[in-house]
Amino acid sequence: MSDERLQFCLNMVQETLDDLKAKNITVLHVADLTDVTDYMVIADATSKRHVSALADEVGATAKKSGFMPLGREGEKDSDWTLVDLGGVIVHIMTRQAREFYDLEGLWSSPEELKKLVARDLSER
């Protein structure tokens, strides 16, 4: 995906989340930490129903804008749903789930990521 198209996708996601009243929208540039994606967007939803509605709208708006979602994780009654748009991965979480999983803390600490990957590989 070109840088211009990636930026368009990122802006589209942020605007969609903002339009539907997501809270604490945070963008992490993780391209130097993983080959999986360039950006992670994390946003709070006020309830599990709000999580689902936000994920539905991000997916629908992405399709209308020409970005085919690569995947979606999280059930309809989940407190965390992930929408994978390739260069942008969107995590929509209830405030409680966001505090518990602390994705910002994990992804802002390359050393913690290395420990997590090393532990995962040793368990295989």
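Strands are DSSP runs of E with at least two residues, numbered from the N terminus. The views below use that numbering, and the model they show is a predicted one.

View 1. Thr81 is found in strand 4, which covers residues 80–84. Its relative accessible area is 0%, and buried means under 20%, so Thr81 is buried. Leaving out residues up to four places away in sequence, Thr81 touches Val51, Ala55, Arg72, Glu73, Gly74, Glu75, Val90, His91 and Ile92. Gly66 lies 15 residues from Thr81 along the chain, and the C-alpha atoms of the two are separated by 21 Å.

**View 2. Helix 1 against helix 2.** Helix 1 spans residues 3–19 and helix 2 spans residues 48–64. Their axes come within 10 Å and cross at roughly 140 degrees. Helix 1 and helix 2 are therefore oblique to each other. The crossing of helix 1 past helix 2 is right-handed. Which residues meet where helix 1 and helix 2 are in contact? From helix 1 come Met12, Val13, Thr16 and Leu17, and from helix 2 come Leu54, Glu57, Val58, Thr61 and Ala62. Sorted by class, this contact has six nonpolar, two polar and one charged residues.

**View 3. The largest nonpolar core.** This core has 22 residues. The members that touch the most other members are Val13, Leu17, Val58, Leu85, Val88, Val90 and Ile92. Helix 1, strand 2 (39–45), helix 2 and strand 5 (88–94) each supply at least two of the core residues. Which element gives the most to this core? Helix 1 does, with six residues.

View 4. Setting aside neighbours within four places in sequence, Val90 is in contact with Val13, Leu17, Val41, Val58, Thr81, Leu82, Val83 and Leu85. A second core of eight residues is separate, and its members include Leu28, Met40, Leu103 and Trp107.

**View 5. Thr94 in strand 5.** Thr94 lies in strand 5. Is Thr94 buried or exposed? With a relative accessible area of 7%, Thr94 is buried. When residues up to four places away in sequence are not counted, Thr94 touches Ala45, Ser47, Lys48, Val51 and Asp79.

**View 6. Ser52 in helix 2.** Ser52 is found in helix 2. The relative accessibility of Ser52 is 10%, so this residue counts as buried. Beyond residues up to four places away in sequence, Ser52 touches Arg72 and Lys76.

View 7. Most residues other than glycine have a negative phi. Asn24 has a positive phi, near 50 degrees. Asn24 lies in strand 1, residues 23–29. Asp102 also has a positive phi, near 45 degrees. Where is Asp102 placed? Asp102 is in the loop between helix 3 (95–101) and helix 4 (103–107). Asp102 has 40% relative accessibility and so counts as partly exposed.

Notes: Residues numbered from 1 in each chain as written. Predicted model: local features only at pLDDT ≥ 70, side-chain atom pairs only at ≥ 80, totals over all residues. Heavy atoms only, no water. Axes fitted to C-alpha atoms, helices over the stretch in contact; angles between N-to-C directions. Helix = DSSP H or I, 4+ residues; strand = E, 2+ residues; numbered from the N terminus. Parallel < 35°, antiparallel > 145°, perpendicular 65-115°, else oblique. Left-handed = near helix turned anticlockwise from the far one by under 90°. Contact = heavy atoms within 4.5 Å. Nonpolar A, V, L, I, M, F, W, Y, C, P; charged D, E, K, R; others polar. Core = buried A, V, L, I, M, F, W, Y, C linked by side-chain atoms within 4.5 Å. Buried < 20%, exposed > 50% of the residue type's maximum accessible area, 1.4 Å probe, protein only.
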